[in-house]
Amino acid sequence: MPMTLTASQPDLSSPTAQLLTPQERATARHVVAASFLAWMLDACDFFLVLFTLDNVAHSFNTSLESVLLAPTLTLMTRPIGAYLCGRAADTYGRKPVMIITILVYSVIEVLSAFSPTLWVFLVLRTLFGIALGGEWGVGTSLIMESVPASWRGTASGILQAGYPAGYLLASILFLTLPVVGWRGLFILGGSAVFSALYIWLRVPESPDWLARQKASASPTQKHQGLWPIVRQNAALCVFAITLMTGFNFMSHGSQDLYPKVFLALERHIPPPSITLIVVLYNVAAIAGGLFFGVLSQRIGRQYAIALAALLTIPLLPLWTLPQSAFWLAVGAMCIQFCIQGAWGVVPAYLSELSPASIRATFPGLAYQCGNLLAASNALLQTEIGRVLGRGLAPALMLTVGLAALAVLVLTLLNAKLHPQRAS
């Protein structure tokens with residue numbers, strides 16, 4: 001079945017920066033800021049769990065392996081959240097669903113701090129995954145439908161920069177662990193509720209969604225459900241999920257085992273140097289997302305993604321083979337600039353591919369299904385390293401390199417099949 005890529009184009013192409021009033025420009029900026037803030041705080045809450053796994057295990061007098069179920073369950077339930085929150089946002093509006101989603105994950109984060117047992121903690125982190133999975137897709141649709149077309153690439157880069165920014169924020173908050181403990185960190189994570197207040201006060205509903213709601217009220221406009229649209233766009237759905245699987249293997253493959261396993265255990269880099277390297281490559285990731293997001297406005301979404309993926313491949317040896325902390329830092333910064341640079345284009349790219357009536361569902365569900373399929377990354381890299389017997393460096397290069405190659409091929413193939421989407 002051929003891909004149907006025209007459903008979303010008319011209403012996503014209409015806004016023009018030249019016609020914006022000062023008030024409309026201010027509103028667009030509030031939408032961008034609110035979406036970035038929500039995604040940053042969402043990511044921060046997730047990384048706080050990863051940073052405090054051993055502390056949580058000690059508190060509950062259990063093994064680290066048992067607590068590792070928490071991030072695993074969070075990742076597994078993210079597609080559920082993408083579907084439920086996306087469908088709700090497509091039906092009831094982006095703004096109310098985004099506010100509710102942020103409130104839910106903020107409350108769960110605080111409740112996690114008061115977990116009396118490990119099982120309560122695991123249940124709460126499972127529920128947190130639903131809210132975590134739902135926020136990105138809803139935020140993406142809100143921002144892409146609310147800003148002018150000429151802002152979309154930049155807004156995409158800013159939104160996606162929220163993920164490494166959340167990583168950075170979690171790293172900074174982690175420094176307070178000796179003072180507040182892991183439970184105190186989770187209570188601090190609940191401050192994400194203020195982003196919901198910001199959205200409620202300063203962010204309007206998506207004008208595109210409002211226009212489609214008005215049109216659907218017309219007796220001549222027939223409402224179409226999710227699954228008929230999916231069947232009509234089956235090839236597009238397969239393409240998007242496959243592409244996002246490659247994206248998630250690039251991201252998780254370059255981050256999950258790199259600091260604590262590769263740098264610490266294999267390269268014997270001291271903890272202060274590891275912290276500095278992590279900070280530096282997250283700053284580079286933010287810069288990469290912004291750079292390629294802006295670039296996509298000039299050369300097209302698919303070519304910007306393909307360029308970032310292509311540049312990742314020759315950087316793999318610099319990222320893993322050096323022995324010194326300096327060159328490892330340089331390699332990590334370069335590769336995260338490119339990998340997260342490609343990610344910086346994703347919100348705009350998936351939104352513009354999505355059928356309009358499921359724009360809050362399609363990008364988030366494709367992203368989270370790809371994330372679920374890439375969840376085996378850490379186990380896969382560990383096994384490759386064991387089989388090859390040369391440590392993690394070959395495994396890191398192999399998984400990230402193949403993922404980058406897959407992203408490169410898929411985006412160029414789609415650009416060739418649908419050149420109108422590459423311009």
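**Notes on the helices and loops of this model**

1. Asn 61 sits in the loop that joins helix H3 (53-59) to helix H4 (64-67); helices here are DSSP runs of H or I with at least four residues, strands are runs of E with at least two, and both are numbered from the N terminus. This residue is not a glycine, yet its phi is positive, near 55°. Asn 61 has a relative accessible area of 71% and is therefore exposed (over 50%; buried is under 20% and partly exposed is in between, with a 1.4 Å probe and protein chains only).

2. Before you go further, please keep in mind that this is a predicted model: local features need pLDDT of at least 70, side-chain atom pairs count only at pLDDT 80 or more, and totals for chains, interfaces and linings use all residues. Residues are numbered from 1 along each chain as its sequence is written, and side-chain values use heavy atoms, with hydrogens and water left out.

3. With a relative accessible area of 62%, His 268 counts as exposed.

4. Glu 266 is partly exposed, at 28% relative accessible area. Apart from neighbours within four places in sequence, Glu 266 is in contact with Val 261, Gly 391, Leu 392 and Ala 393, contact meaning heavy atoms within 4.5 Å. Val 120, by comparison, is 146 residues from Glu 266 along the chain, and their C-alpha atoms are separated by 35 Å.

5. Glu 266 also takes part in a helix pair. H14 packs with helix H22 (residues 392-417) at an angle of about 145°, their axes being 11 Å apart; axes are lines fitted to C-alpha atoms over the stretch in contact, and angles between N-to-C directions run from 0 to 180 degrees. On the H14 side are Tyr 258, Val 261, Phe 262 and Glu 266, which meet Leu 392, Ala 393 and Leu 396 of H22. The contact divides into six nonpolar residues, no polar ones and one charged (nonpolar: Ala, Val, Leu, Ile, Met, Phe, Trp, Tyr, Cys and Pro; charged: Asp, Glu, Lys and Arg; polar: the others, Gly among them).

6. A second pair is H16 (residues 301-312) with H18 (residues 325-343), which pack at about 155° with their axes 8 Å apart. From H16, Ile 305, Ala 308, Leu 311 and Thr 312 meet Ile 335, Cys 338, Ile 339, Gly 341 and Ala 342 of H18. By class, this contact has seven nonpolar, two polar and no charged residues.

7. H7 (residues 118-146) deserves a point of its own. Its 29 residues reach 42 Å from first C-alpha to last, close to the 42 Å expected (1.5 Å times one less than the number of residues). Most of H7 is covered, with 23 of the 29 residues buried.

8. Within H7, Gly 137 is buried, at 1% relative accessibility. Beyond its neighbours within four places in sequence, Gly 137 touches Arg 359, Ala 360 and Gly 364. Leu 412 lies 275 residues from Gly 137 in sequence and 24 Å away in space, C-alpha to C-alpha.

9. Gly 364 brings us to H20, where it is one of the buried residues, along with others including Phe 362, Tyr 367 and Asn 371. H20 (residues 362-373) has 12 residues and reaches 16 Å, close to the 16 Å expected. What do the buried residues of H20 pack against? Their partners are helix H2 (22-51), helix H5 (69-92), H7, helix H13 (234-255), H18 and helix H19 (346-353).

10. Finally, Gly 93 is in the loop between H5 and helix H6 (94-113). Gly 93 has a relative accessible area of 0% and is buried. Trp 209 is 116 residues from Gly 93 along the chain, but their C-alpha atoms are separated by 6.8 Å. Leaving aside neighbours within four places in sequence, the contacts of Gly 93 are Ala 88, Glu 205 and Trp 209.
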